[in-house]
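Please open the model in your viewer and keep the selection panel at hand. The stops below are arranged as a sequence of selections.

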Amino acid sequence: MADLGPAVDRPSAVVLAAGTGIVHLGIGAFHRAHQAVYTEDAINRAGGNWRILGVSLRGAAVRDRMRKQNHLYSVTERSGGGDRARIIGVVGAVLFAPENPGAVIAAIADRKIHVVSLTVTEKGYNQDPASGSLLSEGADIKNDLDLTNPPKTAIGYLVRGLAARRQAAAGPLNVISCDNLPDNGRVLEGLVLEFCDLAVPDLAGWIKTNVAFPCTMVDRIVPAASDEALQLVANNLGLADDLALLTEPFKQWVIEDKFVAPRPAWEQVGAQIVDNVAAFEALKLRLLNGSHSTIAYLGYLAGFETVSDAVAVPQFKTFVRQLMDEEATPTLQIPPGFDVAGYKDQLLERFSNPTLAHKTWQIAMDGSQKLPQRLLHMLYQNIRSGGATGATALAVAAWMQYVGARDEAGQPIEVSDPLAETFKQIHDKADGDAKKIVDGFLALKAIFGDPQGQPAGLDFLLFDALSQLRAHGAMDCITNYC
Ligand code: CS2
């Protein structure tokens with residue numbers, strides 16, 4: 001750090017000397033540029049032993065790189081106004097779970113730990129996306145339900161850690177989900193209790209009184225680091241940082257006021273602690289993430305590599321605004337005094353940030369896990385209430401087309417999704433027949449729910465949108481729609 005220029009902020013001695021109070025499962029880019037930053041700021045403002053023990057469940061790379069850099073990394077805020085870099089030092093250590101599962105379980109059971117937080121992405125919850133119940137027949141959860149096996153999933157680790165915590169009488173714990181799922185705290189609590197029922201039934205009662213699962217809304221656009229980004233940061237800082245993150249200046253964290261154990265003073269550094277997060281979650285999931293997925297699928301098909309490239313085209317921007325205004329907003333409960341029009345203006349500005357290079361391909365990943373809460377719930381609601389549906393239907397059709405793995409120029413698309421193979425089979429079987437494609441997808445209960453529960457007319461709406469898309473291409477459909 002001594003080699004860095006004076007413009008780069010560094011972690012204070014107070015942060016570097018603090019003890020560890022948080023275990024975080026899923027120490028990816030988003031956590032390191034969001035909750036870690038809030039926590040470092042909170043220690044600077046109010047003190048406390050709140051350094052983070054990161055846990056990587058799936059790969060050793062972050063652990064190895066963090067170790068090599070003394071667990072320091074840079075976060076650069078980028079906007080048209082220029083770059084602002086700081087070094088973050090709040091992560092004290094990282095464990096690679098498969099290498100030492102016992103250490104992760106022991107950390108969750110440690111009395112000095114008061115918070116376990118998670119960013120494991122939607123699929124990391126091992127829940128059926130449509131019904132929300134635990135995928136108890138999935139191979140990983142099956143493995144974890146046998147308590148003699150080392151766990152593989154976040155839920156498995158949590159339950160084993162909580163059992164050990166009860167045994168050690170180590171006191172209550174806040175377990176904080178920070179993933180983009182509606183009711184994320186309640187969902188996580190439900191999955192943990194479902195798991196207990198199947199494997200450790202007597203633990204559920206202890207969890208109900210000793211563990212809080214607050215819901216949260218998290219927001220900050222943090223693209224996956226690319227080689228170009230690392231090179232840019234190396235030039236800016238004058239030294240190499242293999243863990244460098246680029247992000248936007250904006251960040252938001254709304255947390256339900258539901259804690260049973262101590263926590264950092266996050267509210268003193270910008271986080272909002274509120275009675276009810278649901279309205280904020282729905283707003284963000286449908287307006288930000290719903291638009292993001294729309295831009296990802298339609299944008300990718302239309303040949304745009306990044307979000308900002310897509311919304312730089314006026315028709316594309318107008319289309320997204322229409323989706324927000326006419327289809328998402330009428331389905332939302334706007335918190336009193338909340339300036340929803342200003343929020344939408346700001347979202348489009350954030351999407352337009354040309355310095356971030358947020359790839360449409362990145363957002364397009366794992367659509368099977370994202371579509372219900374981002375687009376399908378509002379589409380169903382609008383069909384039933386007679387509201388506008390055209391833009392959402394086009395976005396869903398674009399996803400169906402995208403996961404068929406060929407773009408409009410006939411080039412292959414690398415589809416990254418736990419159901420990618422199923423999608424391929426639907427397309428192969430349909431052999432280009434749009435009706436068969438739509439029928440194949442609507443039969444996927446995990447995404448679209450039970451066919452009996454789907455609104456009347458859904459099939460025709462999607463068939464029409466997909467036919468248009470296949471006949472005219474994404475950009476023409478967008479232009480014609482506006
Ligand atoms: C994005 C989100 O990749 C995605 O699916 O929509 O990661 C988005 O950037 C964040 O939720 C913003 O807070």
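**Conventions**

This is a predicted model, in which local features need pLDDT of at least 70, side-chain atom pairs count only at pLDDT 80 or more, and totals for chains, interfaces and linings use all residues. Residues are numbered from 1 along each chain as its sequence is written, and side-chain values use heavy atoms, with hydrogens and water left out.

**Stop 1: the two domains**

The size of an interface is often given as the accessible area lost when the parts come together. Between domain 1 and domain 2 about 2400 Å² is buried, with 57% of it on carbon and sulfur atoms; buried area is the accessible area (1.4 Å probe) that two parts lose on being put together, summed over both.

**Stop 2: helix α14**

Select residues 340-351, which form helix α14. Helices (H or I, at least four residues) and strands (E, at least two) are DSSP runs, numbered from the N terminus. The twelve residues of α14 reach 16 Å from the first C-alpha to the last, close to the 16 Å expected at 1.5 Å a residue; the expected span is 1.5 Å times one less than the number of residues.

Show the side chains of Val340, Tyr343, Lys344, Leu347, Leu348, Arg350 and Phe351, which are buried in α14. These residues cover an arc of only 160° around the axis, which puts them on the same side of α14. The arc is that of the directions from the helix axis to the C-beta atoms. Buried means under 20% relative accessible area, exposed over 50%, and partly exposed in between (1.4 Å probe, protein chains only).

What do the buried residues of α14 pack against? Their partners are β9 (216-219), β11 (252-256), α11, α12 (307-311) and α13 (314-328).

Follow the chain into the loop between α14 and α15 (360-364) and select Ala357. Most residues other than glycine have a negative phi, and most peptide bonds are trans. Ala357, although not a glycine, has a positive phi of about 50°, and its relative accessibility of 37% makes Ala357 partly exposed.

**Stop 3: helix α21**

Select residues 458-472 to display helix α21, whose 15 residues reach 21 Å from first C-alpha to last, close to the 21 Å expected at 1.5 Å a residue. The buried residues in α21 are Leu458, Leu462, Ala465, Leu466 and Leu469. Viewed down the axis of α21, its buried residues fall within an arc of 95°, so they line one face of the helix.

The buried residues of α21 pack against several helices, among them α11 (278-301), α16 (367-385) and α17 (390-402). Turn the view around: the face of α21 directed away from its buried side carries the exposed residues Phe460 and Ala471. Just after α21, Gly473 takes a positive phi of about 90°.

**Stop 4: the loop between β6 and α6**

Select Asn126, found in the loop between β6 (115-118) and α6 (139-145). Is Asn126 buried or exposed? With 15% relative accessibility, Asn126 counts as buried. Its side chain reaches the backbone oxygen of Gly124 at 3.5 Å. Beyond residues up to four places away in sequence, Asn126 touches Ser133, Leu134, Leu135, Asp140, Ile141 and Thr153.

Thr121 lies in the loop between β6 and α6 and has a positive phi of about 65° although it is not a glycine. Thr121 is partly exposed, at 32% relative accessible area.

Ser136 also has its place in the loop between β6 and α6, and at 23% relative accessibility Ser136 counts as partly exposed. Leaving aside neighbours within four places in sequence, Ser136 is in contact with Ile141, Lys142, Leu145 and Leu198.

**Stop 5: Asn143**

Finally, select Asn143 in helix α6. Asn143 is buried, with a relative accessible area of 16%. Apart from neighbours within four places in sequence, Asn143 is in contact with Asn149, Pro150, Pro151 and Lys152.

Definitions and conventions:
Polar contact = N/O pair within 3.5 Å; in protein donor to acceptor, adjacent residues only side chain to side chain. Contact = heavy atoms within 4.5 Å.
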